[in-house]
Amino acid sequence: HARVVVVRFGLVFGQNGGPLQKMILPFKLFAGGPMGSGSQWLSWVHIEDLMSAIIFALEMSSINGTFNLCAPNPVRNRELAKMMGRILHRPSFFSVPSFVIKVFMGEMGKSLLQSQKALPENLLRHGFEFKYAHLQDALEAVLA
């Protein structure tokens, strides 16, 4: 009768690593934009919310089952690129072909090209509150 909590992570955005660190370079070179078609859904989470959610799950003995550790507002890849361009003051209209993403980013690149629209329904049902529920807030915190 052990309590089991299974977590699935969205793309984790933080200042020290993760997919954003590899995505920033093209923007800095004025060549940023959507990856592949740009229509794929991205489920993401800010590192602070990820850690808070894990602690929340550990401390609440009533929590068990499977949890999506991702923000409640997934976005399409083209929205992510547009917002990154705006925050970094760079253009965001160059589409990066899928094969380039796969070559330069390996497995991480493959995950960025797949569409996944996960929602943190179980976390929200248990009362978890996200500090970074919206992508703009998360990106501004990470890219500032």
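**Close-up views of a predicted model**

**Figure 1. Helix α1 and its packing partners.** The buried residues of α1 pack against β2 (11–13), α3 (77–88), α4 (98–113) and α6 (135–143). The model is a predicted one: local features need pLDDT of at least 70 and side-chain atom pairs pLDDT 80 or more, while totals for chains, interfaces and linings use all residues. Residues are numbered from 1 along each chain as its sequence is written, and side-chain values use heavy atoms, without hydrogens and water. Contact means heavy atoms within 4.5 Å. Helices (H or I, at least four residues) and strands (E, at least two) are DSSP runs, numbered from the N terminus.

Figure 2. In helix α1 (residues 19–28), the buried residues are Pro19, Leu20, Met23, Ile24 and Phe27. Because these residues cover an arc of only 125° around the axis, they lie on the same side of α1; the arc is taken from the directions from the helix axis to the C-beta atoms. Leu25 and Lys28 are exposed, on the face turned away from the buried side. Buried means under 20% relative accessible area, exposed over 50%, and partly exposed in between (1.4 Å probe, protein chains only).

Figure 3. Most residues other than glycine have a negative phi. Phe30 belongs to the loop between α1 and β3 (41–42) and is partly exposed at 47% relative accessibility. His89 is not a glycine either, and its phi is also positive, about 60°. His89 sits in the loop between α3 and α4 and is exposed, with a relative accessible area of 68%.

**Figure 4. Aromatic pairs.** The whole structure contains four aromatic pairs. Rings of Phe, Tyr and Trp (its six-membered ring) pair if their centres lie within 6.5 Å; planes under 30 degrees apart are stacked, over 60 edge-to-face, and the rest tilted. Phe56 and Phe128 are edge-to-face, 5.3 Å centre to centre with 65° between the planes. Phe56 is in helix α2 (residues 47–59) and Phe128 in the loop between α5 (121–125) and α6, so the pair ties together parts 72 residues apart in sequence. Phe56 is buried at 16% relative accessibility, and Phe128 is buried at 7%. Phe93 and Phe94 form a tilted pair because their ring centres are 4.5 Å apart and their planes are at 35°. Ring pairs also link Phe56, Phe128 and Phe130 into a cluster.
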